[in-house]
There are 2 protein chains.
Amino acid sequence: MPIIQNQKIDRRVSRTRRNLQDALFALILEKGYDSVTVEEITNRADLGRTTFYLHYHDKEDLLMQAVRSLVDGLMERLAQYPLESLKLRSQTATGELLLPIISLAFQHVEQNADLYRVVLRGEGTYAAVRRVRQILSQAIADLIQHFVTRNHVVLNPQVPLDVFLNSLAGAWIGLITWWLEEDLPYPPEQMAIMYQRMFMRSTREVLGLGTAPEAGEEMG
Amino acid sequence: MPIIQNQKIDRRVSRTRRNLQDALFALILEKGYDSVTVEEITNRADLGRTTFYLHYHDKEDLLMQAVRSLVDGLMERLAQYPLESLKLRSQTATGELLLPIISLAFQHVEQNADLYRVVLRGEGTYAAVRRVRQILSQAIADLIQHFVTRNHVVLNPQVPLDVFLNSLAGAWIGLITWWLEEDLPYPPEQMAIMYQRMFMRSTREVLGLGTAPEAGEEMG
DNA sequence: TTATTTCTAAACACAATGTTCAGGAATTAT
DNA sequence: ATAATTCCTGAACATTGTGTTTAGAAATAA
């Protein structure tokens, strides 16, 4: 069912939901997901406990709705990158391959820092982290696919693509986890550059992009 | 207090603890940490519910004791690698730098697959994953440190070392997560080789090890 | 064997969950 | 503004899980 946001939502409803959500995040970051009770959430949000159950079935329900919108936001963010711009040729192009999309991802993290903190702590549900990793892997895979078909490059992967994508996504997650724990000491653009600096050569090598038929050059 | 395992442990005790632990892991993997109750654990372990509280204070207490011994095991495993063997010189040495220690880590994962599955799902506590990442980062840092001092090499990192270590550890975690989810499709040694193949050049580059004073060669 | 330790079931107080209901309050529609 | 609608509220309730205490049965160690 394609739910379109036609009906105006009652002010009270959106207010209530937002307050509950904020209260939950704050409490999770304060004392951990498990020990947060529904009553604490509603107290913090200045609402009756009954009201909670009017909107959500669970503590987890509330969290999952927030996570879902986060994840949707990340996907949209990554999807909005114009893949057509990847007409560049092998070497330099491969170096630049990851930068823009990674940059978008880091920006998204900065804009939703608290929620990412909660998700990456695995609070509530493992499904969330897993989903984030999947999304990033998929986005990178799409990017590579587009690049390959557009430039008629031959892929000669040194390790299974799955292995590489999951490692790369894992590296990203490890990096943003550190970044969030250190309270964002660098701007997202610089984080993206560092990520690129660390892994661009790996990417090029592991994918075997050095052996493009037309370019015909060896690496180095 | 230096607890030495002098006193023999009553058979019933070790049996009980092992059964409770196994029951918890099985149940977590079946239905997720949160929804597992103490009664379910003791039923599965064929023990009275009271017995549980004779040994552990909590569901979390039980899990944490298991995690602690896992983590200790990993540390021991990594520490037992003879760092003195790192007398090799720059290029080739850097390439081989990570392989043995990473191989040990993959073997440890294989031998404790179920527990790693539980930990990496972030079930129960985020502290565990965090701890694993820290341990790996530290182990790699130690390794690099030893290598640098022993070979009088100059380090010229292209990104902050923290950033690099956390990314590398994240990549490893992403990789073993995939590996466990896919039910260990490759042997640990091969996983280590793939890891090395993906990241050895990054490591060398990012650390700036190409510019060793004695060797004096450029990369490539 | 005897002495010790461990397991057990039953009972208990307590905390949190999730639901129902009637009426009061805020918001929207007319 | 007034009416109609929707939402919030507190109180009460059954239910489930927690963590503790007891006295006695059972396994293990000496």
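**Exercise 1. Find which elements build the side of chain B that touches chain A.**

Step 1. Count the contacts: 30 residues of chain B are in contact with 30 residues of chain A. Contact here requires C-beta atoms, placed from the backbone, to lie within 7 Å.

Step 2. Assign the elements. On chain B, α8 (126-151), α9 (161-181) and α10 (188-207) give two or more residues each to this side. Helices are DSSP runs (H or I, at least four residues), numbered from the N terminus.

Step 3. α9(B) gives the most, with 13 residues.

Step 4. Sort by class. This side of chain B has 14 nonpolar, nine polar and seven charged residues. Ala, Val, Leu, Ile, Met, Phe, Trp, Tyr, Cys and Pro count as nonpolar; Asp, Glu, Lys and Arg count as charged; the others, Gly among them, are polar.

A note on the model: it is predicted, local features need pLDDT of at least 70, side-chain atom pairs count only at pLDDT 80 or more, and totals for chains, interfaces and linings use all residues. Residues are numbered from 1 along each chain as its sequence is written, while chains are lettered from A and ligands numbered from 1 in the order in which they are written.

**Exercise 2. Work out how chain B is laid on chain A.**

Step 1. Superpose by least squares on the C-alpha atoms of residues with pLDDT of at least 70 in both copies.

Step 2. Name the relation. It is that of a two-fold axis.

Step 3. Compare the surfaces. Both copies use the same one: 100% of the contact residues of chain B recur in chain A.

Step 4. Locate the axis. B:Ala171 comes closest to it among the residues of chain B, at 2.0 Å (C-alpha).

**Exercise 3. Describe the surface near DNA strand C.**

Step 1. List the neighbours. 21 residues surround DNA strand C, and the closest are A:Val38, B:Arg12, B:Thr16, B:Leu47 and B:Gly48. Near means a C-beta atom, placed from the backbone, within 6 Å of the strand.

Step 2. Assign the elements. Two or more residues come from each of α1 (11-31), α2 (38-44) and α3 (49-55) of chain A, and from α1 (11-31) and α3 (49-55) of chain B.

Step 3. Sort by class: five nonpolar, seven polar and nine charged residues.

Key:
Contact = placed C-beta atoms within 7 Å.
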